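Trainee: Could we go through this structure together? I would like to learn what the words really stand for.

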Amino acid sequence: RPHSLPRHVGVHTMLPLLLLLLPAAHGIAQLGYRPALTTEPLLGGVTTGSTFVVDQPRCVFNDYGNAVIWLVVALDQAASSFNNTERPGSSETAFQRFPDPVRAYMTLNATLGSYPCPKPEGEIAVLRVGSETSCTEDVTRPTCNGPLPVPGPYRVKFLALEGSVPVAETAWSVPITLRTAKPFSSTSTAGSGHSADMIAITTILSILFAILLAGLVAMLFWGSDSCGGSSTFSKPESVTVRRYNTHHVYDQPAARL
Amino acid sequence: MAKSDDCIHILQGLLVFGNVVIGMCGIALTAECIYFVSNPHGLYPLLKATENGDINAAAWIGIFVGLALFALSILGIIGVIKASRTLLLVYIILMLITFAFEMASCITAATHRDSLTPELFLKQMLDRYQKSEPANNSDSEVTKAWDELMLQNHCCGVTGPSDWQEYQSAFRLTHSDADYPWPRTCCVLDTQGLPVSLDGCKLGVPGYYNSNGCYDAISGPVNTHAWGVAWFGFAILCWIFCVLLGTMFYWSGIEY
């Protein structure tokens, strides 16, 4: 006997039809692109204390010329629970209420025209998340690209909306953590010992000075008679008679012989 | 006698020659120290703000020691030629005093040089650069000196612009991280003094900001200064040591 009873024929043909319709109704294309921090060119400020820089999604949303591409910035734990039907600019996605109670906000909206494909050579195509400082407190600008208040970690993705209907999204990025400034510890400013040069100078000069002082003392107390004899000499101008051996002195030893 | 005459004359000649060299070295030392004191690289405010003594003191002592050496060398030459015991005794004692001063100057210069580590300048920069309420005049001087240094040498921070990111600073208290990841003087500036590309500078695009640190620009002249005073002084002192020993020997041989 067939499993399906004639009475349930309608249900069993309806179900596959319903299943076919569901994806069409929530037809968000899952694009394989994953947003990432910019690595080309290597930027000095790719992550700072309150901003980070991601590549623009070039050649990713080519099929969605009519859509507005938004950047969704979420706290790492809130990424998986983000609902794509959230509307940008509402209080549930307002930057000013991030990170509490809002756990993910939407900003940096652009159309496909802002991301021309392919990227011209030499052009730096980046998005700096956190660069707008003028609207951080302005609740009339809920899509403000304001500086991030906590170091994170954050995850971002791009979401294309046609009107208010999400049509395509990229994957979530890997968690991005910002830099934290630590207080400068002054333990390392203490002198890390003395260099060999300074020790050598000090030692050698001290020894030389000690020798000189010893020489001065020796000179003053013993100088008058120590170097007598052959090394004694007299002042030039006071010399009237030089010491010399007399003929008489030479004669005597010769006489003894 | 002829032999000892020759010895005497040789000794006199050597001593005169030694004193001539001391005189010339004294002048050279004075000139060198005047050059350092005149602050050619604009680093004096930074060095003054480090509380570890003053490398300038060594240079000031060097100026006076150099002049003293010149004067004493003339006294020495006269004393040797006239073989006068009093003159030479005065010469020896004054020369020993000068030796002591120059020794102090050399050791100060060498010790102070050792204390000028990158960490010292980093702490000073983080604490004082662009401090919002300058506690005293030296804070604003430190800011001006750092700005001059970064502008002229196209450098940023002590080890690099990341100094401003890694550590808390007085600068960070008044300048938000998003607008000023690092000071504007770290950006490549055009002839008007404005950043060529402010966005490029804030992003850290190579070519639009100075990515190298200023420590080399500081340590180069400071090293020259310190070693110029310390090692030249040391060389002069060694020479003086020999001349003084010879003079003492000569003095002890002079008759009353």
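Mentor: Gladly! Let's begin with a term: two strands pair if DSSP finds at least two bridges between them. Keep in mind that this is a predicted model.

Trainee: What makes β3 and β6 of chain A partners?

Mentor: Strand β3 (residues 68-75) of chain A is joined to β6 (residues 154-162) of chain A by eight bridges. Pairing asks for at least two bridges, so these strands count as a pair. They run antiparallel, and A74(A) stands opposite R155(A) in β6(A).

Trainee: Where do these strands sit in the sheet?

Mentor: The sheet of chain A has five strands, in the order β1-β7-β6-β3-β4. It is open, with mixed pairing.

Trainee: Why are β1 and β4 of chain A said to stand at the edges?

Mentor: Each of them, β1 (29-30) and β4 (104-111) of chain A, has a single partner strand, so one side of each lacks a neighbour in the sheet.

Trainee: Now the two chains. How many residues of chain B are in contact with chain A?

Mentor: On chain B there are 58, and they are in contact with 57 residues of chain A. Interface size is often expressed as the accessible area lost when the parts come together. Here chains B and A bury about 5000 Å² between them, 71% of it on carbon and sulfur atoms. In chain B, the residues losing the most area to chain A are Q165(B), L203(B) and F241(B), together 12% of what that side buries.

Trainee: How do you know that K182(A) and E166(B) meet in a salt bridge?

Mentor: Their side chains come to 3.9 Å, N to O. The cut-off is within 4 Å, so this pair qualifies. The count between chain B and chain A is one salt bridge, while eleven residue pairs are in polar contact.

Trainee: Which element gives the largest share of the side of chain B that touches chain A?

Mentor: That is α10(B), with 15 residues.

Trainee: What does UniProt say about chain B?

Mentor: An unreviewed UniProt entry places "transmembrane region" at residues 12-37, 57-81, 88-110 and 229-251 of chain B.

Trainee: How much helix is there over residues 57-81 of chain B?

Mentor: That stretch of chain B is 100% helix and 0% strand, with its end C-alpha atoms 36 Å apart. Residues 229-251 of chain B are also 100% helix and 0% strand, and there the end C-alpha atoms are 31 Å apart.

Note on methods:
Residues numbered from 1 in each chain as written. Chains lettered and ligands numbered in written order. Predicted model: local features only at pLDDT ≥ 70, side-chain atom pairs only at ≥ 80, totals over all residues. Heavy atoms only, no water. Helix = DSSP H or I, 4+ residues; strand = E, 2+ residues; numbered from the N terminus. Contact = heavy atoms within 4.5 Å. Buried area = accessible area lost by both parts, 1.4 Å probe. Polar contact = N/O pair within 3.5 Å; in protein donor to acceptor, adjacent residues only side chain to side chain. UniProt positions renumbered as here; feature names shortened; annotations may be inferred.
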